[in-house]
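Look at the model below and keep it open while reading.

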Amino acid sequence: MDLDVFVTAHRAEWDRLDALLRRQRRLNGAEADELVALYQRTATHLSLIQSSAPDPQLTGRLSQLVARARSAVTGTRRASWRDVTRFLAYGFPAAVYRSRHWWVPTALLSTVVAALLGWWIGTHPEVQSSIAAPSELRELTRPGGQYETYYSSHPAASFAAQVWTNNAQAAAMCLVLGIFLGLPVLWILFQNMLNLGIGMGLMSSVGRLDTFLGLVLPHGLLELTAVFVAAGTGLRLGWTLIDPGPRSRRTALAEEGRAAVGMAIGLALVLFVSGAIEGFVTPSGLPTWARITIGIVAELTFLAYVFVLGGRAARAGDTGDVEAAERSATVPSAA
């Protein structure tokens, strides 16, 4: 594209659109129709310039012009309960469903890594001694020790809030840091699996693996699934930077990034549920089988929500992105 020729050919349209937007009086019917047509053409011009001949100054001017025109055409839009309902019923589960080819393998591989770490630590006393002194290990793993009292060491409500905040931050970091080719996500994921493997190994070394699983499974099933979803989505976002597919890299990152932000909000709600289970159910006096059953029910409910509701929404075309009217105008990319 010859940028100078393109600007010369379309400058009059942009100036006319700018003049219409500056009008103090109410536009008549013909002027309103003209504004809509110029807005659509200018949005197309902006997409062409961004993809073919990016010029920072011109792109900035047209971006502001298109944003002002969009506001004039569509009016100021406020979020409503309809948006919240649509997000929870369609957008969020569809986004999680679409990412399943990333987070399901991530979950399986991470579980294997945690199990191997637990086996290695549990069967090698020299590894255990490098983690802590023998007296500290006994305090951690004995009946009524720190592993058991950890979940009841604080009031349930404040403990649940603290757990939710920490887990939501970890999930958000996985989603946001995925843009760095997914490398920080792998580190965060490994740290989580290492902590799980250490607890599993130390408790199994004293024959108390059943106690450890009885404490972890009620909340851990849903909590770890949310972490795996966040990690898998972060890795997918990083891969989009490498291979955007038929879309332009800018468009692909914008679409996947907006969906990832929405998923951060949705996963915060999921982690709120797991945090509540960890704060109120895990340390409760319920039998182990009852606590684990609650965790399994919560996990199966989330999976059904994703694969049934989310699968249906994804097949209907929902991607978890914002509605079409809220997106920047783009032009088709060649496959």
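Ala, Val, Leu, Ile, Met, Phe, Trp, Tyr, Cys and Pro count as nonpolar, Asp, Glu, Lys and Arg as charged, and the others, Gly among them, as polar. With these classes in hand, turn to the cavity. The model is a predicted one, and it holds one cavity of 30 Å³ or more. The volume of the largest cavity is about 70 Å³. Its lining is made up of Ala95, Arg98, Ser99, Thr233, Arg236, Leu237, Glu256, Ala259, Ala260, Met263 and Thr319. Two or more of the lining residues come from each of helix H4 (81-98), helix H11 (209-242) and helix H12 (249-281). H12 contributes the most, with four residues. Sorted by class, the lining has five nonpolar, three polar and three charged residues.

Next come the nonpolar cores. The largest nonpolar core has 45 residues, and within it Phe92, Val96, Leu196, Leu267 and Phe302 touch the most other members. Elements giving two or more residues to this core include H4, helix H5 (100-123), helix H9 (156-177) and helix H13 (288-315). H11 gives the most, with twelve residues. Leaving aside residues up to four places away in sequence, Val96 touches Trp103, Val229, Met263, Phe302 and Val306. A second, separate core has 17 residues, among them Leu21, Leu38, Ala43 and Leu58.

Finally, consider the record. An unreviewed UniProt entry places the annotation "transmembrane region" on residues 102-121, 168-189, 259-277 and 289-308. In the model, residues 259-277 are 100% helix, with end C-alpha atoms 27 Å apart. Residues 289-308 are also 100% helix, and their end C-alpha atoms lie 27 Å apart.

Notes
Residues are numbered from 1 along each chain as its sequence is written. This is a predicted model: local features need pLDDT of at least 70, side-chain atom pairs count only at pLDDT 80 or more; totals for chains, interfaces and linings use all residues. Side-chain values use heavy atoms; hydrogens and water are left out. On a 1 Å grid over the protein atoms alone, a cavity is a set of points where a 1.4 Å probe fits but cannot get out, and a pocket is an open set with protein on both sides within 12 Å along at least five of seven lines; lining residues have an atom within 4 Å of a point. Grid points are joined across faces, edges and corners, and a volume is the space filled by probe spheres set on the points. UniProt positions are given in the numbering used here, feature names are shortened, and annotations may be inferred rather than shown by experiment. A nonpolar core is a set of buried Ala, Val, Leu, Ile, Met, Phe, Trp, Tyr and Cys residues joined through side-chain atoms within 4.5 Å. Buried means under 20% relative accessible area, exposed over 50%, partly exposed in between (1.4 Å probe, protein chains only). Contact means heavy atoms within 4.5 Å.
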